[in-house]
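Hi everyone, thanks for making time this morning.

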Amino acid sequence: MCGQYSFLENKKALLDRYEGTELDANLPEDEREVYYPSQNNLILLPNNKFYAIKWGFTPSFAKKPLINARLESILEKQTFIEPFKRKRCLIPATSFYEFKEVDSQEKKERWQIAVTDSDIFSIAGICERYDNEDGSSTLTYSMLTKDSVGQMADIHHRVPVILDKKTEKEYLNLNTDPNQLQEILLTLTIDLTFKQVTN
């Protein structure tokens with residue numbers, strides 16, 4: 001499970017990286033060392049506009065927000081299938097964090113992971129809206145993950161689904177066939193860099 005990531009660039013860098021996009025007028029300054037679940041974070045929707053959206057699906061059956069969705073089974077899960085087909089989004093990041101279990105240590109190692117030669121990268125996300133008790137509603141997002149390979153697998157068995165620039169456009173195009181898209185994402189590989197950091 002990925003439950004922490006960072007975005008450490010300003011809004012100009014964000015707009016330069018995602019050409020042709022714009023920012024919601026109510027978007028706050030939002031550079032943070034760590035983004036956590038249940039916070040409102042920068043998300044790019046298919047209308048090419050960035051919004052502040054809450055991290056974590058909140059269906060009635062869930063005891064806590066669903067912050068990750070497994071890519072391998074996403075077309076089989078009722079909670080995630082329609083968002084994957086019709087409500088996809090991009091999660092901009094500069095790094096993400098994972099914790100590695102070490103047999104000889106009581107405390108897990110914390111690793112910061114980034115994309116090689118890319119200051120800002122995109123994680124695949126999906127959105128869903130949930131009703132609140134007061135009659136309003138909240139738009140939420142969840143992060144796609146898949147099985148890890150290579151050095152990432154030595155740290156954690158799951159990894160966020162990271163897109164290259166070509167795949168970003170396919171992913172946000174809601175006319176893209178979801179079955180084809182799932183296959184593309186499962187086979188997509190991205191070069192990562194790793195740094196152990198203090199907890």
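Let's begin at Asp117, which counts as exposed because its relative accessibility is 80%, and the cut-off for exposed is over 50%. You'll find Asp117 in the loop between strand E9 and strand E10, the latter covering 121-131. Its backbone deserves a look too: phi of Asp117 is near 60°, a positive value in a residue other than glycine. Please keep in mind that this is a predicted model, and that goes for everything I'll show you.

Ser38 has a positive phi as well, near 75°, and Ser38 isn't a glycine either. Ser38 sits in the loop between E3 and strand E4, which spans 40-44. Is Ser38 buried, exposed or partly exposed? With a relative accessibility of 39%, Ser38 counts as partly exposed.

One more loop residue, and then we move on. Leu8 lies between E1 and helix H1, residues 11-17. Leu8 counts as partly exposed, at 38% relative accessibility. If you click on Leu8 and then on Ile120, you'll find their C-alpha atoms 8.7 Å apart in space, while 112 residues separate them in sequence.

Now let's step back to the whole chain. The protein has 5 helices and 14 strands. Its radius of gyration is 16 Å, close to the 16 Å that the globule rule gives for 199 residues, so the protein is as compact as a globular protein of that length. Along the principal axes, the C-alpha atoms fill a box of roughly 50 × 40 × 35 Å. Of the 199 residues, 46% count as buried. As for the surface, the protein exposes about 10,700 Å², with carbon and sulfur atoms supplying 45% of that. And if we take contacts with a separation of 6 or more, 67% of them come from residues 24 or more positions apart.

Next, the sheet. In which order do the 5 strands of this open sheet run? The order is E3-E1-E8-E9-E14, and the pairing is antiparallel. Strand E3, residues 32-35, and strand E14, residues 192-197, are at the edges with a single partner strand each, so one side of each has no neighbour in the sheet. On average, neighbouring strands here are turned by 30° against each other, direction ignored.

Let's walk across it, pair by pair. Strand E1, residues 5-7, is joined to E3 by 2 bridges, and the two run antiparallel. For Tyr5, the bridge partner in E3 is Tyr35. E1 also pairs with strand E8, residues 95-100, over 2 bridges in the antiparallel sense. There, Ser6 has Ser95 of E8 as its bridge partner. Moving on, 5 bridges join E8 to strand E9, residues 109-115, again antiparallel. In that pair, Glu98 has Trp111 of E9 as its bridge partner.

Start with H2. Thr79, Phe80, Pro83 and Phe84 are buried in H2. Those residues cover an arc of only 100° around the axis, which puts them on the same side of H2. The face turned away from that buried side carries the exposed residues Gln78 and Arg86. What covers the buried residues of H2 includes strand E6 (68-70), E7, E10, E11, H4 and H5.

Helix H4, residues 165-172, is next. Its buried residues are Thr167, Glu168, Tyr171 and Leu172. They span an arc of only 130° around the axis, which puts them on the same side of H4. Lys166 and Lys169 are exposed on the other side of H4.

Conventions. Residues are numbered from 1 along each chain as its sequence is written. This is a predicted model: local features need pLDDT of at least 70, side-chain atom pairs count only at pLDDT 80 or more; totals for chains, interfaces and linings use all residues. Side-chain values use heavy atoms; hydrogens and water are left out. Two strands pair if DSSP finds at least two bridges between them. Helices (H or I, at least four residues) and strands (E, at least two) are DSSP runs, numbered from the N terminus. Axes are lines fitted to C-alpha atoms, for helices over the stretch in contact, and angles run from 0 to 180 degrees between N-to-C directions. The radius of gyration is taken over C-alpha atoms; the globule rule is 2.2 Å times the number of residues to the power 0.38. Buried means under 20% relative accessible area, exposed over 50%, partly exposed in between (1.4 Å probe, protein chains only). Contact means heavy atoms within 4.5 Å. Accessible areas come from the Shrake-Rupley method with a 1.4 Å probe; for residues, only the protein chains shown count as cover. The arc is that of the directions from the helix axis to the C-beta atoms.
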